[in-house]
Amino acid sequence: MRPRAARIHLLSLGLVLAACTDKGTVPADTASTSAAGDDVSDTTPTSSPTSGPTGDTTGVPTGDTSTGEAASTSGQASTSDATSATGDPPGALLCPVAIDDAILACIAELQADPELADNNFLLDLLWMCSDAEPVADDYDAHCAAHPDDPICALEYQVFVETVLPECVARVQQLVFADVCLLPATYPELLFAPAIALMERRFVTTAAQLDPSEQQQILWASADMGFPAASVEEALLASDDDGLEQLTVLDVGTDRTLVLYSGHYGDTRVGRMFFAGTLTLVGAVEDGSFTRCGVERTIEGQPCTDDLACAPDHKCMDILSDADNVVLAPGVCASPTPIAGEGSPCNAHQDCDPSSGLLCLDSINEGDDGVCRPGWMRRSFAGPDTALVAGGSVKLPLLVAGVATVPTAAYLDLQRAQDGANQVAIHLVNPLGTSTSVSLTDAPLVVLDLEPIAVPTDESAGGVWHLVVDDLGGQASGAVTRVALTLDTRWD
């Protein structure tokens, strides 16, 4: 077993909070919705910090679930005071800030307990502290002090189901604000630290999905505001008559994340889950990530020295120039071998991603591959570049934070021209070895994880280049959406 990845604790953010009262014990059903998640085929979705309100008998949420957009609690008054400040009518059912504070204090107390903190993720702690049982005393205390607050006239279970999610959403936004694994925008996801691509496909029919994925699609569609009676209806609701399914590994916590996104009215919208569950851990709104429920840890994070990765990780593969100026940071990775590393595989599940291993050397499941640590697959973005008539352009790709040699390479790009004109595209590795990518006069070339036969005995880390030569002399347009994905190994 390798050391469990060190977590970034809320306590380290300097939140000095009063300890919570006698409420550390949580019903077993709450703990069961941990980072590992529950199998959606055995679970009827219920209200949770990240999954929206209780759904109907099909397990699909109803109504407005955009709780993740709630503002920070900073400076907010009590429920009755907040009514006038926010413009809500008298009698509005608002979750009091005192409950936010109690949840935060409880999280801080649990994080101070090494046994609890080491065996639970931040989302687990949030759930423990915002469950109906631990919140009950805080609700009673608030209502004793503010008996005229409209929420105090509710049955407690009604408060839990309809009002408490507002507090939970505010707390979630606060506790994940500085530790969220997800980047700011959807286009950055594959290039974000600690994210390794597992699979990318465009889904147009329910037949492409297993039962748990079908439930995720229905849940996501309803949560995005497009409730559907069937998976086919949900897919057809997007402008593209389908959704992109992006599956990635969080290499810091070895959790698999699944994102479904599509275009609705010329804007990208999506929802992210823990694989195999209906636990919502991220949302895409107008191309930007919101509602984060997954924290980053040390493994997979950028670094420029071992100190940043201490004590259990090392800083691997920093890219520097001849003057030792850092061009691209390395990555914090554990030097401890993982059981099963080096075994043959045909699918990621052959390697057990929950141990940190992915099936590398092939992007398509069913092909021969080798189990290696997930951080050894990384994707790197290149700049958009205009073509030069009668000339060449070189797009740099800074590759760092990988193992020593590549075992497979995949290229994404779009090359568009106004008309037919022959253009050659080559991929050049850091040692100058060139591999042909495309030679065509077609006005449009689109590559989607196109396998490129790069040398497997030459350096992976360094400055790669995508070279575009205008052979026809009439080049126009540009090369855009360039991304290089590498599988690597130790030589």
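Analyst: Let's start with a term: a salt bridge is a side-chain nitrogen of Lys or Arg within 4 Å of a carboxyl oxygen of Asp or Glu. This is a predicted model, where local features need pLDDT of at least 70, side-chain atom pairs count only at pLDDT 80 or more, and totals for chains, interfaces and linings use all residues. Residues are numbered from 1 along each chain as its sequence is written, and side-chain values use heavy atoms, with hydrogens and water left out.

User: How many salt bridges does a search of the whole structure find?

Analyst: The search covers the whole structure. One of the pairs is Arg200 with Asp448. The count comes to twelve.

User: How far apart are the closest N and O atoms of Asp223 and Arg291?

Analyst: These two form a salt bridge. Asp223 sits in helix α9 (residues 211-223), while Arg291 is in the loop between β6 (288-290) and β7 (302-303), 68 residues apart. Helices (H or I, at least four residues) and strands (E, at least two) are DSSP runs, numbered from the N terminus. The closest N and O atoms are separated by 3.0 Å.

User: Is Asp223 buried or exposed?

Analyst: Buried means under 20% relative accessible area, exposed over 50%, and partly exposed in between (1.4 Å probe, protein chains only). Asp223 has 6% relative accessibility, so Asp223 counts as buried.

User: Which residues are joined with Asp223 into one network?

Analyst: Salt bridges that share partners do the joining here. Besides Asp223, the network takes in Arg271, Glu285 and Arg291.
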